[in-house]
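The exercises below are meant to be worked with the sequence and the coordinates side by side. Try each task before reading its solution.

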Amino acid sequence: MFSTGQLIFGILFFIAFVVIIAYQYRKDLPLHKKHYKGTVWVLIAFIGFIAMIAAVKFIFI
């Protein structure tokens, strides 16, 4: 399906991507804490809404 070179490139790309994203996140963490307070509640509400839709689907269908 994939050649050895393609697999090696994919693995190295993934590792580099994760390292860069983690570095950028750590660098921007103070700004995130300052500007995005309370966003966890939006996430909880979104997950609750999706869970409610799934529950209605499984209960009535």
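**Exercise 1.** What does the accessible surface of the protein chain come to, and what percentage of it belongs to carbon and sulfur atoms?

*Solution.* This is a predicted model, in which local features need pLDDT of at least 70 and side-chain atom pairs count only at pLDDT 80 or more, while totals for chains, interfaces and linings use all residues. Residues are numbered from 1 along each chain as its sequence is written, and side-chain values use heavy atoms, with hydrogens and water left out. By the Shrake-Rupley method with a 1.4 Å probe, the accessible surface comes to about 6,100 Å², of which 79% belongs to carbon and sulfur atoms.

**Exercise 2.** Is Leu29 buried or exposed?

*Solution.* Leu29 is found in helix α1, residues 4-35 (helices are DSSP runs of H or I, at least four residues, numbered from the N terminus). With a relative accessible area of 16%, Leu29 is buried, since buried means under 20%, exposed over 50% and partly exposed in between. Of the 61 residues of the chain, 2% count as buried.

**Exercise 3.** How are the rings of Phe13 and Phe17 arranged?

*Solution.* A search of the whole structure finds two aromatic pairs (ring centres within 6.5 Å; planes under 30 degrees apart are stacked, over 60 edge-to-face, the rest tilted). In the pair Phe13 and Phe17 the centres are 6.3 Å apart and the planes at 15°, so this pair is stacked. Being four residues apart in helix α1, Phe13 and Phe17 are separated by about one helical turn. Together with Phe9, they form one aromatic cluster.

How values were computed. Buried < 20%, exposed > 50% of the residue type's maximum accessible area, 1.4 Å probe, protein only. Helix = DSSP H or I, 4+ residues; strand = E, 2+ residues; numbered from the N terminus. Phe/Tyr/Trp six-rings, centres within 6.5 Å; stacked < 30°, edge-to-face > 60°.
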